[in-house]
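Below is a short briefing on one structure.

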Amino acid sequence: MFDKPKKEAEKPAAKASASPAPSKPAPASSSNSGQTTTIGASIKLNGELNGDEDLLIQGQVEGNIYLKQHNLTIGEQGVIKANAFARTITVRGTLTGDLNGVEKVTITSTGKVRGNIVSPKVILEEGATFKGSIDMDAKAAKPASQPAASAKSA
Amino acid sequence: MALFASPKKNVAGTPEQPRFEELGCPAFASLVEKMDADPERKYHVLDLAAASGNHIEFFSRFRCRYHIGDVLQVLSYLEPPEPEEPAPDFNLILPLHMKDKLDLILVWDGLNYLDKALLPGFSEHLLRKCNPGAWVHAFVYTRGDMPAKPVSFDILSSSTMRRSLGEGATAAPCYPQRVLENLMPGFRSVQSRLLKNGVQEYLFQVQ
């Protein structure tokens, strides 16, 4: 169900309280060793994603994504309708929702984002598409204890 | 057999490199100075242009919420309504549902391309969402023609910008200041300077 980019799982994958739920344990790799869990292009998740490791999404996710102190990457094939909270967020695919990046949010040249961003540092590469607002107040991007912590506005 | 390879020809259809022009922008410089003078204040900025990493990077120096309107192309296509037609609904074209009112609107190049008959309605739409004393920074072409479509502006420094020269040409409305103020009731020009090539820089403020 999940791609296996590098090694077999040492820890459970990012917890997905999703509908439909994964039918078997999700192979994933741990992030503390610098590895990243991948949600493959054929996966559709509907619900809330919590995790303690880095995550790359190439599939479709609807809901909220909460990676407390980790990095979230939306791959070029990723299509996300979700609010996301992570240490850094990189969007190479398509995302509709609010983003809260504790350190940084990057929208690459292939990225398309519609929503609001809260982060002290926002990088928009040439060719990126973005519509919404950016809160560049460093004080605004505080870690939250609950998922879906991104700011609502505009 | 040729001794040297022949240089590559410019194949027809190959896009030309965009041409740029650098502009000194004293009104923008004074605006930045005013914003710098109050570092604790949080500014709410609306940029009518498409999202630009350059603009975002520049305004990240301020405590600010930066809204991207991305409506310049749409505004340039709007036509005034026929006598029995309703006017365009700017609430649909540029929804301004943000909680806070705006302190600064960047209208770079937009005033030139919106039909004169629609400008008062658009101005009123913006005015409703402005804080008292809010600024509008704009560029207006004062010579006979202008690029066929709105062009991009990059901020090089607080006093210098780089304007794409665009492609093609179309007639510019060439608004004099008094006419522009009449078309934008509620906004008053507080600074205006003629820059290179007939580009006039304006800083308006909500009265």
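**The largest cavity**

The residues that line the largest cavity comprise 7 nonpolar, 1 polar and no charged. Here Ala, Val, Leu, Ile, Met, Phe, Trp, Tyr, Cys and Pro count as nonpolar, Asp, Glu, Lys and Arg as charged, and the others, Gly among them, as polar. The model is predicted: local features need pLDDT of at least 70, side-chain atom pairs count only at pLDDT 80 or more, and totals for chains, interfaces and linings use all residues. Residues are numbered from 1 along each chain as its sequence is written, chains are lettered from A and ligands numbered from 1 in the order in which they are written, and side-chain values use heavy atoms, with hydrogens and water left out.

- The whole structure holds 1 cavity of 30 Å³ or more (on a 1 Å grid over the protein atoms alone, a set of points where a 1.4 Å probe fits but cannot get out; lining residues have an atom within 4 Å of a point).
- The largest cavity has a volume of about 30 Å³ (the space filled by probe spheres set on the points, which are joined across faces, edges and corners).
- Its lining is made of B:V107, B:L111, B:L119, B:F122, B:S123, B:L126, B:V136 and B:M184.
- Helix α6 (residues 119-127) of chain B gives the largest share of this lining, 4 residues (helices, H or I with at least four residues, and strands, E with at least two, are DSSP runs numbered from the N terminus).

**The largest pocket**

- The largest pocket contains about 840 Å³ of space (a pocket is an open set of points with protein on both sides within 12 Å along at least five of seven lines).
- It is lined by 32 residues, of which B:A50, B:A51, B:S52, B:S152 and B:D154 are the closest to its centre.
- By class, the pocket lining has 15 nonpolar, 10 polar and 7 charged residues.
- α2(B) gives the most to the pocket lining, with 3 residues.

**Where the chains meet**

- In chain B, 20 residues are in contact with 14 residues of chain A (heavy atoms within 4.5 Å).
- The two chains bury about 1500 Å² between them, 51% of it on carbon and sulfur atoms (the accessible area, with a 1.4 Å probe, that two parts lose on being put together, summed over both).
- B:I56, B:R65 and B:I68 supply 37% of the area that chain B buries against chain A, more than any other three residues.
- The interface has 2 salt bridges (a side-chain nitrogen of Lys or Arg within 4 Å of a carboxyl oxygen of Asp or Glu).
- B:R65 forms a salt bridge with A:D135, with the closest N and O atoms 3.0 Å apart.
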